[in-house]
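The structure follows, and the notes come after it.

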Amino acid sequence: MASELYNTIDALSREKGIDPRIVVSAVEDAIVVATRKYYKSQENLRAELDKETGKIRAFAVKQVVESPEKVEDSNLQMTLEEARKIDPTVEPGSELQIPKVTEGILGRIAAQLAKQVIFQKVREAERDTVYNEYIGRVGEIVNATVKRIEGPDVIFDVGKAEARMPRKEQSRLESFAIGERVRVVITRVEKASKGPQVVVSRAAPELVQHLFQTEVPEIYDGTVVIRAIAREAGERTKIAVMSKDKDVDAVGACVGMKGMRVQSIIRELRGEKIDIIEYHEDPVTFAEKALQPAKVSRVTVLDGSDKHLEVVVDDSQLSLAIGKKGQNVRLAAKLLGWKIDIKSEEEKRQEVEQQMSALVGQTATPLESVPGLGEGLIEKLSAAGITTVEALADMTPEQLEAIEGIGPKTVEKISLAVNNYFSSLEGAEETAALPETEMAERTSGGEGVEEAPASGENVEAVPEAVQAEGAVVQDSDEAEQTEAAVGEEIAAQADHSGETLPEDNSGDKVPEEKEKE
């Protein structure tokens, strides 16, 4: 039958949730400390609790050596001769237990010291028990009761321990009253000097996941799977779901009939907005869904290995896609696990124009190409970092006058020279474009148009279109002779037939039949 002391230790162990052997070890250590303090000894002391009688005996442990010469520390060693006076059967190298009297000699101070030792050992054991229990429950949802409020932190009772919810783990929409029961997530367990600190949260995404598993049977049985959750507590949550059954609508199952399922979750979260999105393996399609309610124009994968996307939206949809303080795009990026750059159509157009301008580049014309600038003036401009005509044209008169050695008259000279240079370039472009225009007009003028080539030009150089129309290319002298011969022949035929030749606008006479044609 166990003693009364051991029964008390057993009851204490069950109350604190610790092993009884730990409490027994604490009692024995307390007796050792009290005994050492009473005897003022540095010997190796031990204590044992007799479970049946409840008595605790203390004794000093010493190692037995053969001769006095081998004794290094009298507190820890003793000779074989001395040891056999206490126990005749002892052998060299063994340990000898020398009893210490404790009954009736340990006073009030020793008893108080023993009590402190017991409390300390039990408290340490209790802390280790709490830590070992809750360290394996990180991420678990537990029901907690609000115990008290300490500044911005809320202290909860989670059973065997107290849990703390710091301000950053709270939703801004929530406030708590003492005695209120809420569901919290165990986020971490910390070891501290005052004991293990269990930290709980109402802002973790796991809370939303647990609420959906509770409210949606399809998620609980695995038909609908939650693939990703992005949350900003008190503001908005985006959740991506996917159905394993083609006949089950994942989004519809989470929303419920008339939104009853999702509304109960929103009430639990004190009105936090929830966006339920259908999951897609394709990041482009998934990004379009994740940025809802904004309408996306197009999505481009910039870097697949670095997970970088570019999203272009209409100008009117830009603010909606970004969200309040960037919330919508930030949650979408968390949901996808990709970096997202959002641009409007106008911003994208300007970016493309800049890229095209950079590819085309601007021509750089040296200052020596301007006839009106002397060598000395060019040297002054080059010393100021102006080496091209384009850079010189972009400068204002005030900027030119700031250059050493250049005054108002020189500025006028530079302006006149640059204007003349650009005017000459424009005139050269118009002159080069003129022959092409005239050629186009002449080619499209119709049949029967004869053109005389320029002096010294070969007949082969005349366009094929003119030759195909039967036009005769001749020198000016030959053309005049041919026209004269044709005119004489027509006149002779007219005289022979007796017909009258009418006059045309040019003064030449043409037969009436020819005129009718």
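In this predicted model, helix α1 meets helix α2 through Tyr6, Ile9, Asp10, Leu12 and Ser13 on the α1 side and Pro20, Val23, Val24 and Val27 on the α2 side. The residues of this contact comprise seven nonpolar, one polar and one charged.

**Geometry of the helix pair**

- Helix α1 spans residues 4-16 and helix α2 spans residues 20-39; their axes are 8 Å apart and form an angle of about 125 degrees.
- Because of that angle, α1 counts as oblique to α2.
- The crossing of α1 past α2 is right-handed.

**Largest nonpolar core**

- The largest nonpolar core has 25 residues, and the members that touch the most others are Phe286, Leu291, Val311, Val313, Leu335, Leu336 and Ile342.
- Helices that give two or more residues to this core are α9 (283-290), α10 (318-322) and α11 (327-336).
- Strands that do so are β10 (224-232), β13 (296-303), β14 (308-313) and β15 (339-344).
- The biggest contribution to this core comes from α11, which gives five residues.

**Contacts of Ile342**

- Beyond its neighbours within four places in sequence, Ile342 is in contact with Leu291, Val311, Val313, Leu318, Ala321, Ile322, Val329 and Glu347.
- Of these partners, Leu291, Val311 and Val313 are also listed among the core members that touch the most others.

- Another core lies apart from the largest one and has 23 residues, including Leu211, Phe212, Val262 and Leu269.

How values were computed
Residues are numbered from 1 along each chain as its sequence is written. This is a predicted model: local features need pLDDT of at least 70, side-chain atom pairs count only at pLDDT 80 or more; totals for chains, interfaces and linings use all residues. Side-chain values use heavy atoms; hydrogens and water are left out. A nonpolar core is a set of buried Ala, Val, Leu, Ile, Met, Phe, Trp, Tyr and Cys residues joined through side-chain atoms within 4.5 Å. Buried means under 20% relative accessible area, exposed over 50%, partly exposed in between (1.4 Å probe, protein chains only). Helices (H or I, at least four residues) and strands (E, at least two) are DSSP runs, numbered from the N terminus. Contact means heavy atoms within 4.5 Å. Axes are lines fitted to C-alpha atoms, for helices over the stretch in contact, and angles run from 0 to 180 degrees between N-to-C directions. Angles under 35 degrees count as roughly parallel, over 145 as roughly antiparallel, 65 to 115 as roughly perpendicular and the rest as oblique. A crossing is left-handed if the near helix is turned anticlockwise from the far one by less than a right angle, and right-handed if clockwise. Ala, Val, Leu, Ile, Met, Phe, Trp, Tyr, Cys and Pro count as nonpolar, Asp, Glu, Lys and Arg as charged, and the others, Gly among them, as polar.
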